[in-house]
Amino acid sequence: MLDLNRLVMLRAVAMHGSITAAARELAYTHSAISQQLSLLERETGTQLLEKVGRTAKLTPVGLELVRNTEAVLAAMEHAETELAASHHQPRGIMTIAVYSSIARIVMPAALRTLMHEQPGLELRLRRLDPQEAVLQLVGRRVDAVIVDTFAGTQVAPAGVIDSAEIGRDPVRGYLPEFHAASSIEQLNELPWVMEPPDAPSTQWAMRVCREAGIEPRVVYESSDMLFHLRMVEAGLAAAFLPDLVVREARSRSIPSPVLPTEPDRRILLLTRTGAADHPAFRAVRTAVASALARYISSADGNP
C-alpha cells in the first residue's frame, strides 16, 4: 500500500518545482524529502522524478500519481466534512488566512460574532498575501483563505480549491490629488502606484488600462493599499483603490470619471475541494458576509 505522506511530498514537489522548495513548505530537510521519495519510487517500481537543472520535473507516471493523490485528499476532506456535520455545532480549531484590509475592517466583528454563536469553534488568523495564502491552503498549512479576486484573473488552481462568494467591493480609479486629466494622452504621462506585477489586482489594472488605450507608467510598487491611497492624496500617483480601503481611511479623495472601471472585485472564502460544506466554514462564511454587509451599510450612512 502506498504511503500517503510520501504522496503528499511528491505533490509538494509538483506544486513548487523543486525538492528544496517542497522541503521548505512541508518543514522537512531536503535529504528527508529525497529519502522518502526514493522509497516511494521503490514502492511503485517506477521513476517518478527527473532532475532538470536545479528543478525537479515529474515523469508522466509521477503526474498521474499526483492527480490520484488530489482525489484521495479531496475524499478525506469530504469524509471529515460529513463527520463534522453529525455534531450539533461546529467545533475544533480552524486556521484562516486573510489579506490586510479585510483583516482590519471586517474580521474583528466576524470573530466576535463567532465567539458568541459558535463557542466550540476556535479560529486562528494569519495575515498573508493572497498568492502565499493559496499556496498554504493547497499545502494544508491553513484550513481556509479569504481572498479578493478580479475579473479575468485566476485565484487558485482549478479542481483543487472550492470558492464561495462572501461579498463584493467596488474598485475605482483615482488621479493624483489636484490633477485633472481630460484625455488618454494626459493619462499616459501620469506616474502610477500598483501592487507587484504578479498580483491579480495589477494584472487586472494593466488589462483594463490597455483596453482603454492607457499604458500605465508604474513608478511605485507596494502591496500596501493604504500606501497607494496616501500617494494619491499627496498628488504623486494614480491608483485603483477598493472602496473598503478609502472608507477605512476616511479619505475625501474622489474617483476619476476618466479612468476605466469594471465590475467590483469579489471577496471569496476558499477551501480545499471536499470541505466547502463543513459546518465551521459555513459559519465563518455567514459571519464574515454579515460583518462586511454591516460595515458597508454603516459607511454608506444607512441605519
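Five strands build an open sheet with mixed pairing, in the order β4-β3-β5-β11-β6. The edges are β4 (121–127) and β6 (161–169); each has a single partner strand, so one side of each lacks a neighbour in the sheet. From one strand to the next, the twist averages 25°. The model is predicted.

**Inside the sheet**
- Strands β3 (residues 92–98) and β5 (residues 144–149) run parallel and are joined by three bridges.
- Ile96 has Ala144 of β5 as its bridge partner.

**Helices on the sheet**
- Helix α6 (residues 107–117) packs on the sheet and touches β3, β4 and β5. The direction of α6 makes about 165° with that of β4.
- Helix α7 (residues 130–138) also packs on the sheet. It touches β3, β4, β5, β6 and β11 (265–272). Its direction makes about 145° with that of β5.

**A helix pair**
- Helices α2 (residues 19–26) and α3 (residues 30–44) pack at about 105°, and their axes lie 8 Å apart. That angle makes the two roughly perpendicular.
- From α2, the contact uses Ile19, Thr20, Ala23 and Leu26; from α3, it uses His30, Ile33 and Ser34.
- Four of these contact residues are nonpolar, three are polar and none is charged.

**The whole chain**
- The protein chain holds 12 helices and 11 strands.
- Its C-alpha trace spans about 70 × 50 × 30 Å along the principal axes.
- Of the 303 residues, 45% are buried.
- The chain exposes about 15,400 Å², with 52% supplied by carbon and sulfur atoms.
- Among contacts between residues at least 6 apart in sequence, 75% join residues at least 24 apart.

How values were computed
Residues are numbered from 1 along each chain as its sequence is written. This is a predicted model: local features need pLDDT of at least 70, side-chain atom pairs count only at pLDDT 80 or more; totals for chains, interfaces and linings use all residues. Side-chain values use heavy atoms; hydrogens and water are left out. Axes are lines fitted to C-alpha atoms, for helices over the stretch in contact, and angles run from 0 to 180 degrees between N-to-C directions. Helices (H or I, at least four residues) and strands (E, at least two) are DSSP runs, numbered from the N terminus. Angles under 35 degrees count as roughly parallel, over 145 as roughly antiparallel, 65 to 115 as roughly perpendicular and the rest as oblique. Contact means heavy atoms within 4.5 Å. Ala, Val, Leu, Ile, Met, Phe, Trp, Tyr, Cys and Pro count as nonpolar, Asp, Glu, Lys and Arg as charged, and the others, Gly among them, as polar. Buried means under 20% relative accessible area, exposed over 50%, partly exposed in between (1.4 Å probe, protein chains only). Accessible areas come from the Shrake-Rupley method with a 1.4 Å probe; for residues, only the protein chains shown count as cover. Two strands pair if DSSP finds at least two bridges between them.
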